[in-house]
Amino acid sequence: MNAHPGQLHSQRNLRTATVAITALTALAWLIAFLFRVDGEAAVTMGFIPIRWSGADLPFAAVPAILTPLSATLVHGGLLHLALNLLILLWCGTLVERVLGIGSMILLYLVAAYTSALAQWAVDPSAVTPMIGASGAIAGIIGAFALSFGRPRRFVKSNFVNQLINAVWLLAAWIVLQLMTGFLGGTQGLMIATPAHVGGFVAGLLLQRPLLLWRYRGA
């Protein structure tokens, strides 16, 4: 099921989920920046794969099971934060209009955990903190790609063309994240490709079920 962004402008929707997530993420970064605890926040709130493998930290930190969520509130710098929030606002507001507020929140949360799970599966002994909302946002981008994509015709199957278009979007998102990490100097922090893929796949898989659920009575 596809839609065009222009066809949705007339729909009344406060888009509170996207705005709230964006504001909360920006506020968390601002607090860490003002109190100069960016490094501490990355370790205590970031997702560290080896913690899911049973390792403990020698200091107080967010419970490991919650770190896929807390990690979305920590960013390596203003550039990292700005890119993530810009894409979240653009794609998230449109996805929220299509799927609804509840489904938007669910998709964001599931993508955050799926991205962490993918990163853990690739390297369960990694000790580098993974930070940023990009894995969760990748899920939003996946749903956006299926909802609004107008793919070029490569093969006869429209579904395959949609997938090709989605993969291109994912590749562009990963490149942007890697470039942002390089320019922002996020050495010692993980901006991980498997996490982006995991979140993106979650968005692709959940878009249609959530869409059908919202319009189940139509």
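I take buried to mean under 20% relative accessible area, exposed to mean over 50%, and partly exposed to mean in between (1.4 Å probe, protein chains only). The model is predicted, and I number residues from 1 along each chain as its sequence is written. Local features need pLDDT of at least 70, side-chain atom pairs count only at pLDDT 80 or more, totals for chains, interfaces and linings use all residues, and side-chain values use heavy atoms, with hydrogens and water left out.

**Entry 1: overview**

I looked up the helices and strands, which are DSSP runs numbered from the N terminus (helices are H or I, at least four residues; strands are E, at least two). The chain has nine helices and zero strands. Its pattern along the sequence is α-α-α-α-α-α-α-α-α. I then checked burial, and 45% of the 218 residues in the chain are buried. Next came contacts, meaning heavy atoms within 4.5 Å. Of those between residues at least 6 apart in sequence, 81% join residues at least 24 apart.

**Entry 2: helix α5**

How many of the 22 residues of α5 are buried? I found 16, so α5 is mostly covered. I compared its span with the expected one (1.5 Å times one less than the number of residues). The 22 residues should span 32 Å, and the end C-alpha atoms are 30 Å apart, which agrees. I also noted a kink of about 30 degrees in α5, centred on Gly92. The bend at a residue is the angle between axes fitted to the seven residues ending there and the seven starting there. Just after α5, Gly100 has a positive phi of about 100 degrees.

**Entry 3: the cores**

A nonpolar core is a set of buried Ala, Val, Leu, Ile, Met, Phe, Trp, Tyr and Cys residues joined through side-chain atoms within 4.5 Å. Which residues touch the most other members of the largest core? They are Leu99, Tyr108 and Ile137, out of 34 residues. Helices that give two or more residues to this core include α1 (16–34), α5 (78–99) and α8 (158–184). The largest share, ten residues, comes from α5. I listed what Leu99 touches, not counting residues up to four places away in sequence: Leu107, Ala143, Gln207, Leu210, Leu211 and Arg214. A second, separate core has six residues, among them Phe47, Met130, Ala192 and Ala195.

**Entry 4: Phe47**

Phe47 sits in the loop between α2 (38–45) and α3 (49–52). Its relative accessibility is 0%, so Phe47 counts as buried. Leaving aside neighbours within four places in sequence, the contacts of Phe47 include Trp52, Pro68, Trp120 and Met130. The C-alpha atoms of Phe47 and Ile65 are separated by 9.1 Å, and the two are 18 residues apart along the chain.

**Entry 5: α6 against α9**

I fitted axes as lines to C-alpha atoms, for helices over the stretch in contact, with angles from 0 to 180 degrees between N-to-C directions. The axes of α6 and α9 come within 7 Å and cross at roughly 145 degrees. Residues of α6 in this meeting include Leu107, Val110 and Ala111, while those of α9 include Gly198, Ala202 and Leu206.

**Entry 6: Tyr215**

Is Tyr215 buried or partly exposed? Its relative accessible area is 40%, so Tyr215 is partly exposed. Tyr215 lies in the segment after α9. Leaving aside neighbours within four places in sequence, Tyr215 is in contact with Arg97 and Val98. Tyr215 and Val98 are 117 residues apart along the chain, yet their C-alpha atoms are separated by 9.7 Å.
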